[in-house]
Amino acid sequence: MATKRLTMAQALIEFLQNQYVERDGRENPFFAGCWGIFGHGNVAGVGQALQQYAETFRYYQTRNEQAMVHTAAAYAKMKNRLQTFACTTSIGPGATNMITAAAGATINRLPVLLLPGDIFAERLQAPVLQQLESEHSQDISVNDCFKPISRYWDRINRPEQLITALPEAMRVLSSPAETGAVTLALPQDVQTMAYDYPVELFEKRVWHIPRNRPDAGALRRASEWVRQSRQPLIIAGGGVLYSEATDTLRRFAEQTGIPVVETQAGKGALPYDHPAALGAMGTTGTEGANVIAREADLIIGIGTRYSDFTTASKTAFQHENVRFININVAEFDAYKHSAIPLVGDARVTLEELLPLLDGWQVRADYRARAAEYNRAWDAEVERIYNLEHGPLISQGEVIGVVNTLSQPQDVVLCAAGSLPGDLHKLWRTRDPKGYHLEYGYSCMGYEIPGGIGVKLADPEREVYVMMGDGTYLMMPSEIVTAVQERIKITILVLDNHGFASIGGLSKSVGSAGFGTRYRYRTEDDQLEGDVLPIDFAANAASLGAIVMRARSRDELADALAKARDHQGGPVCIVVETDREQGVPDYESWWDVAVAEVSESESVRKARAEYEAAKSKERHYL
Ligand SMILES: Cc1ncc(C[n+]2csc(CCOP(=O)(O)OP(=O)(O)O)c2C)c(N)n1
Ligand SMILES: [Mg+2]
């Protein structure tokens with residue numbers, strides 16, 4: 001057997017650069033490179049190897065390990081999971097900094113390969129700098145914290161263990177059903193150990209991404225349920241986009257007349273102006289989506305995991321005999337709500353279901369009702385886009401200006417705060433990849449690193465990163481990365497002096513917005529003094545971004561035009577918005593548990609309202 005003598009780290013990088021994926025005849029390398037920060041736990045092992053392979057496997061520097069995992073996940077999302085990055089760190093804090101974003105990747109079902117350095121396998125040196133010791137075992141390090149958030153986890157204690165670990169890592173990363181964060185913990189001494197690896201390990205390997213087909217019996221039963229239904233509704237989730245099933249979905253909706261609503265991850269499945277498009281579903285949904293969902297007797301969930309925002313905390317579907325058909329690559333999701341599980345790829349499953357529905361469609365008045373809701377919703381969007389609110393501009397107007405001045409293929413990106421709900425309702429999507437919300441983990445700080453990932457994945461598109469002031473403060477540091485890599489993203493910071501979203505939530509649970517404003521501490525010990533003097537524009541400028549401030553719609557339009565012309569680095573536009581001018585809710589609810597006992601009258605009142613609303617929650621058995 002021919003062998004090649006390499007360190008474990010060299011073997012790892014040589015393997016990674018030879019992994020490819022193929023779907024529908026299109027093939028590409030699975031890894032676009034490696035992000036990292038070096039410390040003693042990886043500099044001599046993985047660091048040395050990355051230097052050795054630098055010409056064929058690009059290394060990117062991040063400022064914060066959490067950020068680079070967001071970047072990798074956003075990149076993978078934009079690439080419909082067909083390409084991602086590896087991420088290398090030192091041991092200890094460098095490693096655990098990745099945990100938050102790794103959980104985000106796994107929740108959002110996005111592949112990322114994590115390569116945290118680990119404590120010496122040899123152990124003699126213990127406790128090495130940054131080692132958390134355990135009194136009960138020498139077989140534990142902080143990297144064990146990755147276990148519950150990884151879809152595959154391994155520790156490479158001997159160099160030859162790579163030979164069996166790497167194919168498993170690739171199997172999981174490239175599996176549409178299994179994918180998420182994959183962690184290979186790499187003890188710093190083992191990274192540097194040489195071994196005679198079989199040369200086959202380094203040959204080009206293509207992982208074929210399957211389009212699995214559902215069970216024929218389940219398909220037949222599903223088609224019978226559709227034919228029996230009077231008011232069916234399709235919920236399009238992220239799986240529709242990952243499967244590139246949007247054209248098929250459109251044909252399906254047009255032939256059957258079944259209206260379509262969208263989750264955060266599924267927004268863009270149909271263009272906003274398609275007559276079957278009822279827009280956002282659930283807690284942050286449109287009126288049409290939520291009224292039709294309430295009455296629907298059959299829900300066809302496609303590529304959705306039915307988060308509480310989609311089901312309005314299990315209050316969205318109120319028809320006495322509502323039934324579910326779920327199309328999902330993951331059995332786990334397909335079985336939710338006692339559905340007929342169509343375990344399979346969204347595109348081929350819709351292709352197989354459609355002929356079974358030949359000659360059937362919804363009643364004409366139901367089709368017309370959906371089209372009417374689509375038109376009415378667009379009028380509502382138009383109203384909010386043009387509020388002319390003053391003296392400070394409203395968030396809805398900012399969304400309107402950005403949407404109006406962006407091109408159909410441009411990407412809006414967001415993750416946390418009040419913007420995700422408003423964007424879900426208001427953004428007019430014209431392209432399946434034009435709307436990028438990280439709303440599985442809704443992780444503050446995702447936005448700037450996420451924007452970098454999207455731009456790297458598709459440099460032809462303009463990327464609009466929309467974020468609140470709170471989330472900006474979590475991770476502004478990646479502006480430096482965008483400067484370093486000359487990555488053009490347009491960052492819009494909507495400054496409303498703290499957490500408008502959670503402040504509003506706090507009021508709704510009777511707690512008056514406690515602790516959610518960015519204000520000085522007062523003499524009577526309240527965080528209710530003057531507004532904190534944070535200069536976001538100066539902050540962004542200090543990190544190297546081109547900055548502009550906008551106080552009105554005209555100034556914002558002007559700034560966006562200038563931003564479009566600028567190339568080769570990040571632009572940051574800071575807009576002060578009116579915290580109190582929110583976008584309404586439409587026929588929906590979200591379960592946030594309210595204190596059962598309290599001395600506060602407002603909390604007791606909120607609790608009473610809460611119990612009334614909660615009574616509508618249902619099991620779907
Ligand atoms: C890492 C993280 N911590 C906490 C939260 C909970 N949270 C959700 S929104 C929010 C406030 C966001 O503030 P900002 O970015 O200013 O947006 P706004 O609410 O003002 O629109 C918080 C604290 C979160 N989503 N992520
Ligand atoms: Mg804010």
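Is Asp 469 buried or exposed? Asp 469 is buried, with a relative accessible area of 1%; buried means under 20% relative accessible area, exposed over 50% and partly exposed in between, with a 1.4 Å probe and protein chains only.

This is a predicted model, in which local features need pLDDT of at least 70, side-chain atom pairs count only at pLDDT 80 or more, and totals for chains, interfaces and linings use all residues. Residues are numbered from 1 along each chain as its sequence is written, chains are lettered from A and ligands numbered from 1 in the order in which they are written, and side-chain values use heavy atoms, without hydrogens and water.

**Magnesium site**

The protein donors of the magnesium ion (ligand 2) lie 2.0 Å from it. Donors are N, O and S atoms within 2.8 Å of the metal (3.2 Å for Na, K and Ca); water is not among the atoms, so sites may look incomplete.

| Donor residue | Donor atom | Distance to magnesium ion (ligand 2) |
|---|---|---|
| Asp 469 | OD | 2.0 Å |
| Asn 496 | OD1 | 2.0 Å |
| Gly 498 | O | 2.0 Å |

Along the chain, these donors follow the spacing D-x26-N-x1-G. Asp 469 in helix H19 (residues 469–474) and Gly 498 in the loop between strand S21 (490–495) and helix H21 (500–508) are 29 residues apart. Helices (H or I, at least four residues) and strands (E, at least two) are DSSP runs, numbered from the N terminus. Gly 498 also counts as buried, at 5% relative accessibility.

**Sheet**

An open sheet with mixed pairing holds three strands in the order S3-S2-S11. Strands S3 (26–29) and S11 (205–208) each have a single partner strand, so one side of each is left without a neighbour in the sheet. Two strands pair if DSSP finds at least two bridges between them. Strand S2 (residues 19–23) pairs with S11 in the parallel sense over four bridges, and Gln 19 stands opposite Arg 205 in S11.
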